[in-house]
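Please look over the sequence and the structure below before reading on.

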Amino acid sequence: MAPTKAKSSGVAWWRPASVWALYAVGLLPAVWYFYLGATNNLGVDPVKTFEHLLGIWALRFILLTLCVTPLRDLAGINLMRYRRALGLLGFYYVVFHFLVYLVLDQQMNLSVVVEDVIKRPFITFGMIALVLLIPLALTSSNWAIRTLKQNWIRLHRLVYLIAALGTLHFAMGRKVIGPEIMFYIAVCVLLLGYRLIRPKLMERKRARKKAARMQAGVKPAR
Ligand code: HEM
């Protein structure tokens with residue numbers, strides 16, 4: 001019997017395992033902050049601190065998701081198999097962040113939450129980002145990718161808007177724009193800006209590859 005690809009390469013088993021490991025490691029900050037909160041070690045305002053830390057991790061994972069394509073294009077580092085996990089981790093952290101806001105910060109007072117969403121623009125942007133993330137999370141399966149085809153690609157472009165809204169929400173929520181926010185804004189602008197120039201860049205790359213192939217094909221005939 002011919003050996004399967006996984007057996008013959010001897011390395012393929014770690015690929016799905018590494019994705020699960022990413023989920024586990026990615027959720028560690030949430031578990032750690034929860035533990036710190038439960039043991040009264042989150043400072044003078046534990047609810048705000050918990051909310052903030054989860055919000056920061058949400059933004060980090062969303063921005064990390066957007067790093068996958070430029071890393072592959074520009075540095076040849078292929079982390080494509082981790083992209084879904086990074087995106088879903090971003091979604092989970094936004095949900096945790098929202099739940100802390102809803103349950104611990106606002107004590108489930110829905111009228112205050114609705115008022116906040118309507119009256120405080122930074123909460124409005126956060127809420128829009130959360131709502132937009134839901135269809136992306138629901139269509140993150142291989143089945144959805146196969147079924148939706150081109151529409152899946154179109155739908156998942158919403159992640160650019162989500163990243164912009166998340167970053168804006170972060171910046172507007174703070175009274176002072178310090179170096180930390182500047183850093184996230186710069187990363188977000190770079191990642192979104194890259195998407196604007198990417199089609200031209202890829203076109204050039206393809207043309208270069210084609211020319212190199214043609215050259216390689218012509219040479220032996222000389
Ligand atoms: C993609 C969605 C979201 C992202 C990426 C995000 C991220 C963040 C970040 C990074 C912070 C600041 C943390 C800090 O100052 O250290 C923050 C603060 C906050 N977010 Fe979100 N958030 C999102 C959605 C939401 C939603 C849906 C709500 C509630 C409806 C919300 C409510 C808040 C509140 C109340 C704060 C604290 C502001 C303060 O009083 O200092 N966020 N968020």
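What follows describes the ligand shell, then a helix pair, then a database annotation.

This is a predicted model, in which local features need pLDDT of at least 70, side-chain atom pairs count only at pLDDT 80 or more, and totals for chains, interfaces and linings use all residues. Residues are numbered from 1 along each chain as its sequence is written.

The ligand is surrounded by 23 residues, of which the closest are His52, Gly55, Gly126, Ala129 and Gly166; a residue counts as near if its C-beta atom, placed from the backbone, lies within 6 Å of the molecule. Two or more residues of this shell come from each of α3 (46-75), α4 (83-105), α6 (121-138) and α9 (158-173), where helices are DSSP runs (H or I, at least four residues) numbered from the N terminus. The largest share, 7 residues, is given by α3.

The table divides the shell by class, with Ala, Val, Leu, Ile, Met, Phe, Trp, Tyr, Cys and Pro taken as nonpolar, Asp, Glu, Lys and Arg as charged, and the others, Gly among them, as polar.

| Class in the ligand shell | Count |
|---|---|
| nonpolar | 14 residues |
| polar | 7 residues |

The axes of α6 and α9 (lines fitted to C-alpha atoms over the stretch in contact, with angles from 0 to 180 degrees between N-to-C directions) come within 8 Å and cross at roughly 155 degrees. Therefore α6 is roughly antiparallel to α9, a term for angles over 145 degrees.

According to UniProt, in an unreviewed entry, residues 54-166 are listed as "domain: Ferric oxidoreductase", and such annotations may be inferred rather than shown by experiment. Over residues 54-166 the chain is 85% helix and 0% strand, with the end C-alpha atoms 13 Å apart; strands are DSSP runs (E) of at least two residues.

Technical notes
Angles under 35 degrees count as roughly parallel, over 145 as roughly antiparallel, 65 to 115 as roughly perpendicular and the rest as oblique.
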